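Dear colleague,

Please find below the structure that I am handing over to you. My notes on it follow directly after.

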There are 2 protein chains.
Amino acid sequence: MALEHLFQGSALNAVDGKGRVSIPAFLRSVVERRGGARTIVLAKHEAFPCLSAYDPAYAALKHAKLERLLEKEETSPDAALEYQQRNLMAFAATEEVPYDSSGRILMPPMMRRKGEIADLALFLGTGETFQIWNPDLLLKDPRIPEDLKDIARFRIEERRTS
Amino acid sequence: MALEHLFQGSALNAVDGKGRVSIPAFLRSVVERRGGARTIVLAKHEAFPCLSAYDPAYAALKHAKLERLLEKEETSPDAALEYQQRNLMAFAATEEVPYDSSGRILMPPMMRRKGEIADLALFLGTGETFQIWNPDLLLKDPRIPEDLKDIARFRIEERRTS
DNA sequence: TTATAGCCCATAAAAACCCATTGTATCCCC
DNA sequence: GGGGATACAATGGGTTTTTATGGGCTATAA
């Protein structure tokens, strides 16, 4: 898998009273260059208390990868079960949301709860996907490198002063 | 990884009131020969108080390397976390900035702070990547070879006289 | 009705773009 | 080789466009 357009950079945006958030323009441009759909897929991150996000084209790619994995190890009895579980997570436990002409999504209430997103959303590019964090939770997580926390603190400070 | 086009040479350019800096033409030509994108990626240097810079193609290459590493040692539980951390540092802690037709970038405020860049930016080619320094910090750093400091002094002097 | 999702409009700040100047290196012709 | 003409680099300044965000309006569904 070699994607040429990667998600990169960070931004801290507001979630307004209606639950709307602007997806940063630099992330949107990757979504559109990858597949053209003005849509993103949201999922609970497997390891961190945040959301994982990507474009529909990447979701399709991940699905294809799972399929190939199944065909290889079809002999194992556990493999089939694991395939079913992963498939459920990849599709049933995700939500696809379109963004409007101004680049905003309406954060689905379930995802908002799962990601514990309050009134600020920290966007972090991670290459193939990007993450959406409640910045307070990121600062509290011991697994996050200090340098990255510095960035989160900078984004928070930047927002206070302007 | 064998890149045929390497960053080399040095230059001292001004950061103007809007935060714009010209990327030296000899560095831009390497970026464009490597991948064609008129864009550079900025990151805090891991060891020195300066910025590290490269082209998007090099970033993608680094990413592919990480991916391969993961697939090999997927068995380990710690490996997954370390992968997440490295990915965050490689993508969330960096910023991709395009340069305009005159070869200038807008130095992002976060990077400007992280690299402690004031109103002069010293560019140093280092092969696969290049560095951007506040020249005063380079002259103060005891780890920098005296010969390199001489070059920095020359660039500063050169700018004074013209 | 009563929320709610999808629109459209408005705005302030920031970023991207265009044009102009200047100095320097390069080329070319005599 | 000298001397101008030329091309390109770095930089200043103004103008237009994009972004993020707030607010209201309307069709729709529970």
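In chain A, 60% of the contacts with a separation of 6 or more join residues 24 or more positions apart; two residues are in contact if their C-beta atoms, placed from the backbone, lie within 7 Å. This is a predicted model, in which local features need pLDDT of at least 70 and side-chain atom pairs count only at pLDDT 80 or more, while totals for chains, interfaces and linings use all residues. Residues are numbered from 1 along each chain as its sequence is written, and chains are lettered from A and ligands numbered from 1 in the order in which they are written.

Chain A contains six helices and eight strands, in the order β-β-α-β-β-α-α-β-β-α-β-β-α-α. Helices (H or I, at least four residues) and strands (E, at least two) are DSSP runs, numbered from the N terminus. The radius of gyration of chain A is 17 Å, close to the 15 Å that the globule rule gives for 162 residues, so chain A is as compact as a globular protein of that length. That radius is taken over C-alpha atoms, and the rule is 2.2 Å times the number of residues to the power 0.38. The C-alpha atoms occupy a box of roughly 60 × 35 × 30 Å along the principal axes.

As to the partner chain, 19 residues of chain A are in contact with 20 residues of chain B. On the side of chain A that touches chain B, β7 (120–125) and α6 (146–161) each supply at least two residues, and α6(A) gives the most, with five.

Yours sincerely
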